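Colleague: I have a model open and a few quick questions. Can you walk me through it?

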Amino acid sequence: MLPMPHSTEDAPHVPLVHVVRSGFHEGTHFGAVVVTGPGGEVLHARGGVDAAVFPRSSNKPFQAVAMLAAGAELAGADLALASASHSGEPMHTERVQAMLDRVDLTEDDLGCPPALPLDEAARLSVLAAGGGPRRLAMNCSGKHAGMLTACVAAGWDVASYLDPDHPLQQAVARQVAELSGEQPSAVGVDGCGAPLFAVSLTGLARAFGRVAAATDGEPALVAAAMRHHPEMVGGTGREDTRLMQRHPELLVKGGAEGVHCAALPDGSAVAVKISDGGDRARMPVLVAGLRMLGVGSELLDELATGTVLGGGRPVGVVELAPDVF
């Protein structure tokens, strides 16, 4: 078993990304990044990679593994959706509803909060029709439908499925420990209401690499579903979806508060944590890690640098800080 991670408050925060406006260094995003090899060995690290982090939605593949192990009948696009932070497009919400229908449950059984779709076109369509926030449209509804499917299959109570002591959530905790090689050091509540288990950023990279490299069992099924149905993992125009469409060998999943993970079939992986949670800082660091692992494309070139606007036109960049890699 690997050493227990520390609190993030004890982690050194290092400069990872610079924000440059009109040639002026306007701001800096701090954080940590780790690149691990096929055997989980650390190839490159900057910042507090041994400190505990909440994986947020990068945790979803591990939760899906636990769902399958509990007996959930999930496959293909449904399994990808159970691992997703979807955009709330009709292709997502209709499939979530179908998942619930198959186990004789309803939208009201979902424990995630109501939300409008993340996708702009879908959101405007809902509002134009006089609709409002719904649990189905919340980006984690596929995961929650998958959890309910697992509870029905195992004969577990569905009303309390988000309790950290529920058999399903205990199974998730065991999967996180097994895949990361660490006992979770903290338990929290994710934005969707599900329990969340803290591990080190290095442990998170190792766990992601193990799922990506799996050749049999539940982890292999989850990885294959996400790779074959990237449109379910995110949605139209989303980074995770675009990366897996362009690079079908990749397994990619981002999370809130500046967390992002990617891994290759050989088990090598990149895990990023931006200290201030800034979404714009994730991609320059993740792309640099993927390039270190030999991945390259025009899409990565595009995602490597963000755009700073002034008066509606580009006037600067969001770019990797010097000496990160």
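Colleague: Which helix is T93 found in?

Modeller: T93 is found in helix α3, residues 90–102. Helices (H or I, at least four residues) and strands (E, at least two) are DSSP runs, numbered from the N terminus. Before we go on, this is a predicted model: local features need pLDDT of at least 70, side-chain atom pairs count only at pLDDT 80 or more, and totals for chains, interfaces and linings use all residues. Residues are numbered from 1 along each chain as its sequence is written, and side-chain values use heavy atoms, with hydrogens and water left out.

Colleague: Is T93 buried or exposed?

Modeller: T93 is buried, because its relative accessible area is 16%. Buried means under 20% relative accessible area, exposed over 50%, and partly exposed in between (1.4 Å probe, protein chains only).

Colleague: What does T93 touch?

Modeller: T93 touches G88, L136 and A137, leaving out residues up to four places away in sequence. Contact means heavy atoms within 4.5 Å.

Colleague: Which residues line the second largest pocket?

Modeller: T93 is one of them, and G88, L136 and A137 are on the list too. A cavity is a set of points where a 1.4 Å probe fits but cannot get out, and a pocket is an open set with protein on both sides within 12 Å along at least five of seven lines. Lining residues have an atom within 4 Å of a point.

Colleague: Which element gives the most to that second largest pocket?

Modeller: α4 does, with 3 residues. α3 and α4 (120–128) each supply at least two.

Colleague: And what volume does the largest pocket have?

Modeller: The largest pocket has about 460 Å³. The second largest pocket holds about 170 Å³. Grid points are joined across faces, edges and corners, and a volume is the space filled by probe spheres set on the points.

Colleague: How many residues line the largest pocket?

Modeller: 21 residues line the largest pocket, and S85, N139, R238, G255 and A256 lie nearest its centre. α10 (239–246) and β7 (251–255) are the elements that give two or more residues to that lining. β7 gives the most, with 3.

Colleague: How do the linings divide by class?

Modeller: The largest pocket has 5 nonpolar, 7 polar and 9 charged residues. The second largest pocket has 6 nonpolar, 5 polar and 1 charged. Ala, Val, Leu, Ile, Met, Phe, Trp, Tyr, Cys and Pro count as nonpolar, Asp, Glu, Lys and Arg as charged, and the others, Gly among them, as polar.

Colleague: New topic. How many salt bridges are there in the whole structure?

Modeller: The search finds 10. A salt bridge is a side-chain nitrogen of Lys or Arg within 4 Å of a carboxyl oxygen of Asp or Glu.

Colleague: Which residue forms a salt bridge with R134?

Modeller: E107 does, with the closest N and O atoms 2.4 Å apart. The pair links distant parts of the chain: R134 is in the loop between α4 and α5 (141–154), E107 in the loop between α3 and α4, and they are 27 residues apart. R134 is partly exposed at 43% relative accessible area, while E107 is buried at 16%.

Colleague: What about E298? Which residue is its partner?

Modeller: E298 pairs with R246, and their closest N and O atoms are 3.8 Å apart. E298 lies in helix α12 (residues 298–303) and R246 in helix α10, so the pair ties together parts that are 52 residues apart in sequence. E298 counts as exposed at 58% relative accessibility. R246 is partly exposed at 39%.

Colleague: Last topic, strand β9. Why is β9 called largely enclosed?

Modeller: Because 6 of the 6 residues of β9 (residues 269–274) are buried, the rest of the structure largely encloses this strand. Both faces are covered: A269, A271 and K273 are buried on one side, and V270, V272 and I274 on the other.

Colleague: Which strands pair with β9?

Modeller: β2 (residues 24–36) runs antiparallel to β9, joined by 6 bridges. β8 (residues 259–263) also pairs with β9 in the antiparallel sense, over 5 bridges. Two strands pair if DSSP finds at least two bridges between them.

Colleague: Which residues stand opposite each other there?

Modeller: G31 stands opposite I274, and A263 stands opposite A269. The hairpin of β8 and β9 has 5 residues between the strands, and G267 there takes a positive phi near 95°.

Terms used: 1 Å grid on protein atoms, 1.4 Å probe; cavity = no way out; pocket = protein on both sides within 12 Å on 5 of 7 lines; lining within 4 Å.
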